[in-house]
Amino acid sequence: MIRTAAGDTGWGWSASLRGRLRRDRLSVSAGLAVDEVLRLQYTGPVKFTLPLLRIATVCLSLIPAFAQTATPKIVAAAKTFLASLDDKQRAGVTFSFDDEKQRARWSNLPVSMVPRAGLKMGELNAAQKKAAMDLLAGALSRRGFEKVQQIVEGDEVLKNASANKSMFGRDLFYIAILGTPSEKDPWMLQFGGHHLALNITIAGDRGILTPSLTAAQPAMYTVDGKTVRPLGQENDKAFALLAALDEGQRSKAVLTYKVADLVLGPGNDGKTIQPEGLQASAMNETQRAMLLDLIAEWANIVHESAGAARMAEIKAGLAETWFAWSGPATVQAGRNGTSYFRIQGPRLVIEYAPQPLGGDPTLHVHTIYRDPTNDYGRKSSAK
Amino acid sequence: MIRRLAQLSLLLMMPAPAGAHRLDEYLQASLISLSRDRVEVQLDLTPGVAVLPLVLAEIDRDRDGEFSETERAAYAAQVLRDLLVNSDGEPVRLSLVRVRFPEMPELRQGLGVIRLELSANLPARWFGGSRELTLTNRHQDRIAAYLVNSLVPLDSTIRITAQSRDIRQSFYRVTYAQSAGRPTPPAWLWGAVAALAIRSTVLFRRRRAPAVR
C-alpha cells in the first residue's frame, strides 16, 4: 500500500493519494477535499491500471500537483510588483534577505513614532498599489487578506476621527521585500504600519508568517450599516473555548493576576516565557478542536497550503500547548471582551491583549503571533 | 465591501486621538532570565501621556526638557532602589548593565520605552535542590501597571516548577529546581588551584634533584 497526503487544514484544502501494487499493475485512488467548511469534497475513486513504469511517472507528476503551493504565483506577483516600480522605488523597497535591522523594523505603534522602511502605499500610483495588493493577496489566504484589509481600513477610520491626520490611515502602510523573489531560495515579504506587521518568509513551498502582529483600533466599526470586527473571531472563539471548560479546567486556565499588555510584543524576538494555564493534554477532543480552531485564526492568515503545513506543526505539539486567560469570563454577544489570553506551545506563541489605553478596551486590541523556533523563517531558510 | 469604506462610520464613540497610546498607566514589564549563579532582568518602562508629568518630574530634575547623563543615571538608580530581589530568602543587589532612554517627543506621546537591563549574582548552590527568587516592584506604585515573567531557562540544569504573583504583578515568586552540578568556581579558586599546583611541582622537583656537594 502506498499512501501520501498533502495539506490538512480547517478551511483550506487537502489531497491524498492511495495506491495498491499487484505484480506489474497498480490501482490508484485520489481524494481531494477542497473546503471542509463548505463540505465540498471529492473522494474518487479514480481507478486505473497501467504498466508499472508508466504508473511511476504518473505518480511522480501527480504528487507535486496535489502538493502544489502558492509559491509560483506569489513569486510571479512579486516580480510584477517590482517591474511596476521605477529604479528609485525598486531600490527603496528591496533589502538583503538577512538584513536583521529591516526584519525587526516593525511595531504596533504609528509609523511617525517607529519609522518603517520600504515603500509607503501613499507613494504608489494606482497600478503599483494594485500590484502590491495582488502580491499580498497571493501570499495570504482569502480570510487572511480580508482581515488585513479590515485592520488597514480601521486605521483609516481612526484617522478620520483623529485631530492628527498625519499619524494614521491606509496610506501609511509599508511594503518591503527582503531577498530576491524565488521559488527555491528564501525571501521575505513585509507589510505593515500602525497596528499591523506581517513578516512572510517564502522558502520553497513553505510560507512562514511569524512573527506577525495583528491589532485593531477601532476593533469594531460599521461599513454600509454592517458591523466589522477585524479580530472578532479571535475574541468569540476564545470565549467559546473558555465556556467549554469545566470548573477544574477553568481554575487552571484562568490566571489570578491582571495582564495589561502583550508580554512578547515587538522588540522581544527569540524569547520564550515559562508557560502557564491549562495544558491541552488536559482537554477533551472537543475542547482541543476548539483550541485548534482558535489558533487557525492566526495560522491561516497565510495562504492555504502554508497554513495547512503550519496547522500540522501546531497539531503535532498540541498536547504540550497551554491556554491561559486573565479577565472576565463573559462577554456581550457581538462585542469584544476585555480579557487577555495566551496560547503557547513548543512552536507557538499567541497573545491577545485588549488595551485599556485612554478609552474602551473592547475597541482596541493587540495580538502577537510567534514561532520561537522559526521566527522570520530562520529554520526553514537555513541552508 | 472593503472598497466602499469611504462611508465608514463608527459603531461606538471613538476614543480620543490619544487613545492610540498609553494614557493613564505606567507600564513596567519585567522579563527574568535565570541561570545557576546569576539573574538578569530586562525592565521596559512605558509611561502613559496622562502620567508623564509624574514620571518626568523624577527624571528631568532641572526641567530643561532633556535627559542628561546624570539624570538618566539618577533615575536608573531610583528604579533600582524600588526593585527588591530575594534569592532563597536572602536579599540580592541588582546592578545596572545598560539603560536606554527614548527621545522626549516619543515619551510625550506615550510611546517611548525606557529599557533597563539589570543583573545580579546569585549565591552558589553546590548541591542543587529547590530554589526561590522573588521580585517586588514598587516603582511609581500609584500609577503602575506591572508585568513580570520568567523566560524558559537556557541552562538545562534549571527547571521552573512554580510561579505566583499578586493581582497587580507587583510581587512575583518563581520556584525552580536546580539539579546538582558543578557551579562555576570563582576566579580566585582557579588562581589558588593553579598556585598550589605550581608549588607542588617545584617541591617535587627539588626532592628528586640530586644533592650537590
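**Layout, a helix and a core**

Tutor: Chain A has 10 helices and 18 strands, taken as DSSP runs numbered from the N terminus (H or I, at least four residues, for helices; E, at least two, for strands). This is a predicted model, where local features need pLDDT of at least 70, side-chain atom pairs count only at pLDDT 80 or more, and totals for chains, interfaces and linings use all residues. Residues are numbered from 1 along each chain as its sequence is written, with chains lettered from A and ligands numbered from 1 in the order in which they are written.

Student: What share of chain A counts as buried?

Tutor: 50% of its 383 residues. Buried means 20 or more other C-beta atoms within 10 Å of the residue's own, with C-beta atoms placed from the backbone.

Student: Ok, new topic: what does α6(A) pack against?

Tutor: Its buried residues pack against β8 (187-193), β9 (196-203), β11 (212-216), β12 (221-223) and β13 (226-228) of chain A. Contact here is C-beta atoms, placed from the backbone, within 7 Å. Among those buried residues are A:V148, A:I151 and A:V152, and A:L196 touches these three.

Student: And the largest nonpolar core, how many residues?

Tutor: 126. Such a core is a set of buried Ala, Val, Leu, Ile, Met, Phe, Trp, Tyr and Cys residues joined through C-beta atoms within 7 Å. A:L196 is one of those with the most contacts inside it.

Student: Where does the core lie, and why?

Tutor: Domain 2 (71-221) and domain 3 (227-374) of chain A both give residues to it, so the core lies between them. Those bounds come from an automatic or database domain assignment.

Notes:
A residue is buried if 20 or more other C-beta atoms lie within 10 Å of its own, exposed if 12 or fewer, and partly exposed in between; C-beta atoms are placed from the backbone. Two residues are in contact if their C-beta atoms, placed from the backbone, lie within 7 Å. Lists of a residue's contacts leave out its neighbours within four places in sequence.
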